[in-house]
Amino acid sequence: MPEYWTSKLGNKFLKLDIEQNECQAKTQLDHLRKLPENRSCADCGCGPTVWASVNLGIFLCIRCGSIHRGLGTHISKPKGCTGTYLWGPDELEHMSLMGNMKSNGIYGGDESRPSSDASDAAWRTFIANKYEHRLLKQRTRSHDDKPKQTSSSSDDGALLTFDTDAAVTTVHVHMDKANISKMNASNDFFAQFGV
């Protein structure tokens, strides 16, 4: 029975294939690490990049890689870029498609980066805010980039308006006095909307 190897992205490959292609994978990984945008850490800007977060598609220095290891694999799936780690084609493809520049455009953080001599606790807070809480990406919206708005009416005449953008859906409920009285009488707010 063939033995399988599972990548950090959850895909399974024949272990023999991964082992036979290890040199080629390391060459491709080293090429990606040497690209100007990936030479320095996606989080602190220091080099060299000896770690990666495979699911985020970023290259990291040893310090930030260590912090990513403590975030939990539901947030970041760190992996060494040197040594005996095997790399799968799906991982290399994701690293190639993302990279530090694109990731920082998505997650932000350059403007609020701690100083290089900040404590590990300060860096952990920064990195958690960047990837786990996604607080560092400044959202700017042009006048043409307004949220999409859709409306729906419930059976009792309440009008629901949904403002949707990439990150947030806001629901506005518009009801007339008769519907409010009916809602108060039933004491079941969500039932009024079929929920």
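Setting aside neighbours within four places in sequence, Cys64 is in contact (heavy atoms within 4.5 Å) with Cys41, Asp43, Cys44 and Ile127. Bear in mind that this is a predicted model, where local features need pLDDT of at least 70, side-chain atom pairs count only at pLDDT 80 or more, and totals for chains, interfaces and linings use all residues. Residues are numbered from 1 along each chain as its sequence is written, and side-chain values use heavy atoms, with hydrogens and water left out.

First, the overall picture. The chain has 7 helices and 8 strands, taken as DSSP runs numbered from the N terminus (helices are H or I, at least four residues; strands are E, at least two). Of its 195 residues, 36% are buried, meaning under 20% relative accessible area with a 1.4 Å probe, protein chains only. Among contacts between residues at least 6 apart in sequence, 50% join residues at least 24 apart.

Now back to Cys64. Along with Leu60, Ile127 and Tyr131, Cys64 touches the most other members of the largest nonpolar core, which has 21 residues. Such a core is a set of buried Ala, Val, Leu, Ile, Met, Phe, Trp, Tyr and Cys residues joined through side-chain atoms within 4.5 Å.

Helix 6 gives the largest share, 5 residues. There's also a second, separate core of 10 residues, with Leu32, Ala52, Cys81 and Leu92 among them.

Take Ala52, which sits in strand 3 (residues 51–53). Ala52 counts as buried because its relative accessibility is 0%. Leaving out residues up to four places away in sequence, Ala52 touches Ile58, Phe59, Leu60, Lys77, Pro78, Lys79, Cys81, Trp87 and Met95. Its C-alpha atom is 6.9 Å from that of Gly65, 13 residues apart along the chain.

Finally, the helix pair. The axes (lines fitted to C-alpha atoms over the stretch in contact, with angles from 0 to 180 degrees between N-to-C directions) of helix 2 (residues 22–34) and helix 4 (residues 89–97) come within 10 Å and cross at roughly 15 degrees. That angle is under 35 degrees, so helix 2 counts as roughly parallel to helix 4. On the helix 2 side, the contact is made by Ala25, Gln28, Leu29 and Leu32, and helix 4 brings Leu92, Met95 and Ser96.

Key: Buried means under 20% relative accessible area, exposed over 50%, partly exposed in between (1.4 Å probe, protein chains only). Angles under 35 degrees count as roughly parallel, over 145 as roughly antiparallel, 65 to 115 as roughly perpendicular and the rest as oblique.
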